[in-house]
Amino acid sequence: AIFINPGSKIEANGTAALPIVMTSIGDVADGSVNDGSSSGNSSSRGEWGGLVISGLAPINDCDVTTVDPVANPELCEKTGEGGSGLFGGNDDADSSGSLNYVRVMYAGFKFNDEDELNGIAFQGVGSGTDVEFIQVHNNADDGVEFFGGAVDVDHIVVTAAGDDSIDWTDGWTGSLQFVLVNQASDSADNGIEADNREGDENATP
């Protein structure tokens, strides 16, 4: 997996003609992946971990504080998926860099039912992050998941995800515009799974 830590930035800027493709060695070296085109489903998933971006924007589910996250958002941090470390903070406008024309393929990994790597995970990522024209293809878990934060995304494509195509939780306050989802026929769950915070739907943000 590729982990971008809070305070760090990724600058992945492809073009329509030359997108940046993050994929498995089987796809690049010998074409051994199955994209489902012959069998009607998509079986080559989870060949690597995926992309996890963690930032310093507010979340509403805290692992490391006993205080009110609304009154003290800088102390509200949570442990990220797949051992990716703590994320969250008090800067809605935090920047984790930019993703433009980026495709993530054959990724995802399930440690257990509560800890799974998605194709792209945005963990406490702020609105200062530029995300446009992204695709996740054949991921083992969710295609794209937002854990709090305030990042906006436009032009997003998710194809053949093994679980939900798009998921958000932990108080995400960003927006999506121009979304295309193509559900897998073999194991997909929801096109969109959306909850503010499981067990406390009125939590803020």
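This is a predicted model: local features need pLDDT of at least 70, side-chain atom pairs count only at pLDDT 80 or more; totals for chains, interfaces and linings use all residues.
## Nonpolar cores

Let's start inside. The largest nonpolar core has 26 residues, and Leu99, Phe122 and Ile134 have the most contacts inside it. Two or more residues come from each of these elements: S2, strand S4 (51–54), S7, strand S10 (120–123), strand S11 (130–137), strand S12 (144–147) and strand S13 (153–159). Another core, of 8 residues, lies apart from this one and includes Val52, Cys76, Phe87 and Leu117.

Beyond its neighbours within four places in sequence, Phe122 is in contact with Ile53, Leu99, Val131, Ile134, Val144, Glu145, Phe146, Phe147, Gly148 and Val151. Two of these partners, Leu99 and Ile134, are named with Phe122 among the residues with the most contacts inside the core. As general background, nonpolar side chains tend to be buried together in soluble globular proteins.

## Strand S2 and its partner

S2 and S7 run parallel and are joined by 4 bridges. Within this pairing, Glu11 stands opposite Ser98 of S7.

## Salt bridges

The model has a count of 4 salt bridges. Three of them are worth a visit here, and two share Lys78.

Asp186 and Arg45 meet through their side chains, with N to O at 3.0 Å. Asp186 sits in the loop between strand S15 (176–182) and S16, and Arg45 in the loop between helix H1 (25–29) and S4, so the pair links parts of the chain 141 residues apart. Asp186 counts as partly exposed because its relative accessibility is 34%, whereas Arg45, at 17%, counts as buried.

Lys78, in strand S5 (residues 78–79), bridges to Asp61 in the loop between S4 and S5, 17 residues apart; their closest N and O atoms are 3.0 Å apart. Lys78 has a relative accessible area of 15% and is therefore buried, and Asp61 is buried as well, with 19%. Lys78 also meets Asp170 in a salt bridge, at 2.7 Å from N to O. Asp170 lies in the loop between strand S14 (166–169) and S15, so this pair ties together parts that are 92 residues apart in sequence. Both Lys78 and Asp170 are buried. Together with Arg197, the residues Asp61, Lys78 and Asp170 are linked in a network of salt bridges.

## Asp94, a buried charge

Asp94 is found in the loop between strand S6 (86–87) and strand S7 (97–105). Although buried, Asp94 has no salt bridge, and the nearest side chain of opposite charge, Lys9, is 7.3 Å away.

What does the side chain of Asp94 reach? It reaches the backbone nitrogen of Leu56, at 2.9 Å. Setting aside neighbours within four places in sequence, Asp94 is in contact with Gly55, Leu56, Ala57, Gly126, Ser127, Gly128 and Thr129.

Thr204 lies in the segment after strand S16 (192–194). With a relative accessibility of 44%, Thr204 counts as partly exposed. Not counting residues up to four places away in sequence, Thr204 touches Asn60 and Val70.

Conventions:
Residues are numbered from 1 along each chain as its sequence is written. Side-chain values use heavy atoms; hydrogens and water are left out. Buried means under 20% relative accessible area, exposed over 50%, partly exposed in between (1.4 Å probe, protein chains only). Lys and Arg count as positive and Asp and Glu as negative; His and the chain ends are not counted. A polar contact is a pair of N or O atoms within 3.5 Å; within protein, one must be able to donate a hydrogen and the other to accept it, and residues adjacent in sequence count only if both atoms are side-chain atoms. Contact means heavy atoms within 4.5 Å. Two strands pair if DSSP finds at least two bridges between them. A nonpolar core is a set of buried Ala, Val, Leu, Ile, Met, Phe, Trp, Tyr and Cys residues joined through side-chain atoms within 4.5 Å.
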